[in-house]
Amino acid sequence: MSTPVSATDSQSVRFVLDGKVVTVSGLPPTTTVLEYLRKVAGRSGTKEGCAEGDCGACTVVLGELSQAGSRIHYRAVNSCIRFLPTIDGKELVTVESLEAPDDTLHPVQRAMIDHHASQCGFCTPGFVMSLFALYLNRSAATRDEVVDALAGNLCRCTGYRPIIEAGCRMSEYLEPERWSPAEAQSKARLENLRAVQRVAPGSTLCFSGYCAPRTLDELAAALETAPHSLVLAGGTDIALWVTKHLRELGPIVYLGDVPELQQIRSSDAGLWIGAAVPLSRAWPALVAAHPALAEQARRFASPPICNSGTLCGNIANGSPIGDSLPALIALGAAIDLRHGARLRRLPLERFFLGYQKKDLQPGEFIVGVALPPPRPERYFSSYKLAKRFDQDVSAVCAAFALEVADGVVADARLVFGGMAATPARAAAAEAALAGQPWSLATVENAAAALAADFAPLTDMRASREYRLQAAGNMLRRFYLQHTPAPPTLRTADALVGMGLAE
Ligand SMILES: Cc1cc2nc3c(=O)[nH]c(=O)nc-3n(C[C@H](O)[C@H](O)[C@H](O)COP(=O)(O)OP(=O)(O)OC[C@H]3O[C@@H](n4cnc5c(N)ncnc54)[C@H](O)[C@@H]3O)c2cc1C
Ligand code: FES
Ligand code: FES
């Protein structure tokens, strides 16, 4: 089961666990890290609650060598939806790993006990691991940082106040010998991780049903040779096809090990985000360029999901409710696609052809997404409407980018998710704005035109009427946020317009 291996083994998954190199072979590629831990390694401290990334009971921490090789980035992930081969070359840290030789508790565990943050204890290992990741990354986390770090952990009995309190106080304890932020970057840990990197030629991980190319050319060739392979990025959509829909997947090509795809480039030409960049790195880059995206970023899934899932996976998944899509389309994003040696660039809004239909040929893949430079003169906002603030699927999502010259709308891009089979621009509403004065009357006309643009579905999240009403209200909110006239007067006008005041 777990024996040290040579650096050239290309058939076995290798990772570091508790200071030792572990090698695993012979398991199906869709074996999750959670299944491996509980059924193979006998480490049952990590729990299974939902098996779909929603509850956090299965949270573990992954350590990954920085590109320069001088630091280890530790991030919480959901082990229930992470396929085991994708942790090849990484360090796996589970709740058992925190055990000290002299049985002293780690400060995170001590704080949980001292603040009465556990009752039945089922969720506790997951909370401990989410807080542990925060402990390694933030010397004294603020309450907001603690709350954000725990957005993906559910507890049905203790209540969150004591758990949050434990998170706010964990840095007040004496630093432990093992797993202090400094020790986590020790020479020994760095060397262990370096030992499992695949640098030797021919050492690419490739076994029956799974291949993880290490260069862009290798990836393109693998997909050209086997065009019906499934492209796997973070797996936060794909893994649920296995854990929830019990689907058998065909051969998998994993793109997470290609360094070129892990790049974020920012220049005068704009922003470029590679296909393997996790959402937890992509969102800060997007927010730095477009601060109006801060709330959207905060509300997109949970930290463990964002540490695995990618922005390009959100695009490629082609869901009508992918939360990043309205904003990306409104901002004029384009995607770079590659098929064999052929590269093409496509405006993102032309990628979605119909429900789950995309302009993507077999063997073709997204290399990255490109955004033009921010235009300070443009009004831009993005809104997500869901029943909960955190971790919820949106009923309607919208993003608007608008330019006004001399009080008249010069350009408008209104994009909605959750209103049609694909994320889509509202052509009739845009036409109602174009060339008109930027006024509440114009906005009311545009809101009315939305009924010509969309015939949304009624489902468990919202009715058709609710979606249409909410879409119009988002437009009105956008107007209130971006009107240069005195806000009090305008607010009163707008409330009357919405029928909320007389
Ligand atoms: C608990 C939970 C919460 C979530 N919350 C949100 C949310 O708030 N908002 C939201 O929009 N989504 C949410 N999601 C969905 C998911 O996390 C996102 O869609 C994510 O961006 C998918 O990225 P991934 O890398 O995990 O994709 P994967 O699961 O790896 O792939 C998804 C699809 O895209 C294809 N694909 C991936 N990358 C490429 C590529 N480069 N080229 C070609 N095809 C590719 C795959 O073949 C597959 O068809 C949530 C999911 C979970 C489990
Ligand atoms: S078991 Fe619920 S998130 Fe993994
Ligand atoms: S302590 Fe029981 S579920 Fe959290």
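These are my notebook entries on a predicted model of a protein chain with one or more ligands.

**Entry 1: overall dimensions**

I began with the chain as a whole. I counted 17 helices and 20 strands in the protein chain. Along the principal axes, I found that the C-alpha trace spans about 70 × 55 × 40 Å. I then checked the radius of gyration against the globule rule. A compact globule of 502 residues would have a value near 23 Å, and the protein chain has 24 Å, so the two agree.

Of the 502 residues in the protein chain, 46% are buried. Among contacts with a separation of 6 or more, I noted that 66% are between residues 24 or more positions apart.

**Entry 2: the shell around ligand 1**

Next I turned to the ligand. I listed 31 residues around ligand 1, and the closest are Ala233, Gly234, Gly313, Asn314 and Ala316. I then assigned the shell to secondary structure: the elements giving two or more residues are β8 (230–232), α11 (303–308), α12 (311–317) and β16 (365–371). Helix α12 provides the largest share of the shell, five residues.

The shell around ligand 1 holds 15 nonpolar residues, 12 polar residues and four charged residues.

**Entry 3: helix α1**

I examined helix α1, residues 33–40, for burial. I recorded Val33, Leu34, Glu35, Tyr36 and Leu37 as buried; the charged residue Glu35 is thus included in the buried set of this helix. I then asked which strands the buried residues of α1 pack against. They pack against β2 (20–24) and β3 (59–65). Just after α1, I noted that Gly42 takes a positive phi of about 65°.

**Entry 4: the β10–β11 pair**

Lastly I inspected one strand pair. Strand β10 covers residues 264–267 and strand β11 covers residues 270–274; I found that they run antiparallel and are joined by four bridges. How many residues does the hairpin from β10 to β11 pass through? The hairpin joins the strands through two residues. Within the pair, I identified Trp272 in β11 as the bridge partner of Arg265.

Key. Residues are numbered from 1 along each chain as its sequence is written. Chains are lettered from A and ligands numbered from 1 in the order in which they are written. This is a predicted model: local features need pLDDT of at least 70, side-chain atom pairs count only at pLDDT 80 or more; totals for chains, interfaces and linings use all residues. A residue is near a molecule or strand if its C-beta atom, placed from the backbone, lies within 6 Å of it. A residue is buried if 20 or more other C-beta atoms lie within 10 Å of its own, exposed if 12 or fewer, and partly exposed in between; C-beta atoms are placed from the backbone. Two residues are in contact if their C-beta atoms, placed from the backbone, lie within 7 Å. The radius of gyration is taken over C-alpha atoms; the globule rule is 2.2 Å times the number of residues to the power 0.38. Two strands pair if DSSP finds at least two bridges between them.
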